[in-house]
Every structure is written in structure tokens, then in C-alpha cells.
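Visitor: I would like to learn how to read helix packing and pockets in a model. Please take me through the features one at a time.

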Amino acid sequence: MDASPRITALDPDPRRPDAVRIDIDGTRFGAVPRDLVSAEGLTVGREIDPTLQERLTQAADIEAAFRTVLRALEMRSYARGDLGRRLQRKGHPRPAVDAALDRVAQLGLLDDAAFAQTYVETRAARGRGPSRLTRDLLSMGVERGLIDRALATQWPEGSDRSSVPLALAQKRSAQLGTLPRKTKRRRLVAYLARRGFTGRDITEIVDRVV
């Protein structure tokens, strides 16, 4: 009969003081929260039954996903849905990803409302319009209500929404040179649509430009 696996090492994690690295049967198992080690009364030489191994596996998966999230957020901000998909593509189990994202959100490091607001501000300054911004944020998993709120902050009711698409249309029109009017008009409308500017106001701007 095979012997039950045993803990062969419990070492403080040098990268995270609140975590402990566990070796089982001489092989690195993973890192788990220090609180879990205390709660389970884990010691070197302790046998690992299937129930305990399942709890340790879940804890190690969450810890690994949490560290991946922190590394990603050190580089730039993310929407929760987008970051979750990225973690799953890296091989992290979905339950671990959800738990890690909850943990990061509780630390104030993940906020879709703030992300949407910043995304709209920065991309609008680069010439992206409401339709494009909405598509982008929806594809990242941001809720429509949060997107609408960010757009309303960027373009309040009654504000001038024509200056950016007008400037874009004028610049693009100059680049298109002496193309026939119908051709130039069609290309300008398509260009502004790709940028996220659509609707009757945009067609009126294009008519003014050409």
C-alpha cells in the first residue's frame, strides 16, 4: 500500500511575508497563505489526506492567480473581465481567478468604474468617439451602465461634441486630396465611424468639410 504524501518543508516565502511555500514528498507544491498553515496546524512530517490536499490545492491556485494579477497591474490598469480572461488563458482555474480578482478588488486595485472613466478620458483625447469607446469597453467586460456614466462625464449634456470629429475630418480631408466629392464624403464618414463618431451630426460635419 502506498504511503500517504507528507509535508517535507514549510518555508517563508521571500517575496510575500504573508505566504508560506510548501514541499510535499520533496517536491515544491506551491505557496499558500500563512493563516491557512496556522489554521490547519501544518507541520513538517504531516500526512496529507485527500481532503486536506484539495484545500491546499485550491489555496495554492488562488495564491498563484493573485500574484499573476499583481504583476499585471504593476504594468497597467485593466478591466476586471479582461484581466480574468487573460488569467484563464494563462492556465489559472476559473474559481482561483474569481477569488484572486475579488481579493485584489478588496484592496482597491481593481475598479471597473474608475477604469472606464480613465479609459474614456485618455482615448477621447486621442480622437476616439463614443461608439468606439463603448465597443472597446464592452469587449473588456465593462458593464454598460459604467460606460454610459463615463461617457456622460466626458461629454456632458449640452457640451460641444463636434470639435474633435470636425478636426479629424478636416485633417483627413486634406490627406485625401482632390478625390471626387462622393468618394471623399464616403471615406470620411467611414473614417469617423472607425474612430467612434457616428450619427446625423457627423454626416453634417462631413458635408461641411467636403
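Visitor: With what handedness does H3 pass H4?

Guide: The model is predicted. In it, the crossing of H3 over H4 is right-handed.

Visitor: Which numbers go with a description of that kind?

Guide: Two packed helices are described by the angle between their axes and the distance between the axes. For helix H3 (residues 80-89) and H4, the axes come within 10 Å and cross at roughly 140°. H3 and H4 are therefore oblique to each other, because only angles over 145 degrees count as roughly antiparallel.

Visitor: Which residues make the contact of H3 and H4?

Guide: H3 contributes Arg-80, Leu-83, Gly-84, Leu-87 and Gln-88, and H4 contributes Arg-94, Val-97, Asp-98, Leu-101, Asp-102 and Ala-105. Sorted by class, the contact of H3 with H4 holds five nonpolar, two polar and four charged residues.

Visitor: At what angle do the axes of H2 and H4 cross?

Guide: Helix H2 (residues 50-75) and helix H4 (residues 94-106) have axes that cross at roughly 55° and come within 8 Å. That angle makes H2 oblique to H4. The crossing of H2 and H4 is right-handed. On the H2 side, the contact is made by Asp-61, Ile-62, Glu-63, Ala-65, Phe-66, Val-69, Leu-70 and Leu-73. On the H4 side, Ala-96, Val-97, Ala-99, Ala-100, Leu-101, Arg-103 and Val-104 take part.

Visitor: How many residues of each class are in the contact of H2 with H4?

Guide: There are 12 nonpolar and three charged residues in the contact of H2 with H4, and no polar ones.

Visitor: How do I read the pair H5 and H7?

Guide: Start again from the axes. Those of H5 and helix H7 (residues 144-154) come within 9 Å and cross at roughly 45°, which makes H5 oblique to H7. H5 and H7 cross in a right-handed sense. The residues of H5 in the contact are Asp-112, Ala-113, Ala-116, Gln-117, Val-120, Glu-121 and Ala-124. Their partners on H7 are Leu-146, Arg-149, Ala-150, Leu-151, Thr-153 and Gln-154. By class, the contact of H5 with H7 comprises seven nonpolar, three polar and three charged residues.

Visitor: Which helix gives the most to the lining of the largest pocket?

Guide: H10 gives the most, with six residues. Helix H6 (130-139) and helix H10 (200-209) each supply at least two residues of that lining. The lining of the largest pocket is made up of five nonpolar, five polar and five charged residues.

Visitor: Which residues lie nearest the centre of the second largest pocket?

Guide: They are Arg-76, Ser-77, Tyr-78, Phe-115 and Thr-118, out of 13 residues that line the second largest pocket. The volume of this pocket is about 200 Å³. Helix H5 (residues 112-125) gives the most to its lining, with six residues. By class, the lining of the second largest pocket has seven nonpolar, three polar and three charged residues.

Terms used. Residues numbered from 1 in each chain as written. Predicted model: local features only at pLDDT ≥ 70, side-chain atom pairs only at ≥ 80, totals over all residues. Heavy atoms only, no water. Helix = DSSP H or I, 4+ residues; strand = E, 2+ residues; numbered from the N terminus. Nonpolar A, V, L, I, M, F, W, Y, C, P; charged D, E, K, R; others polar. 1 Å grid on protein atoms, 1.4 Å probe; cavity = no way out; pocket = protein on both sides within 12 Å on 5 of 7 lines; lining within 4 Å. Points joined across faces, edges and corners; volume = space filled by probe spheres on them. Axes fitted to C-alpha atoms, helices over the stretch in contact; angles between N-to-C directions. Parallel < 35°, antiparallel > 145°, perpendicular 65-115°, else oblique. Left-handed = near helix turned anticlockwise from the far one by under 90°. Contact = heavy atoms within 4.5 Å.
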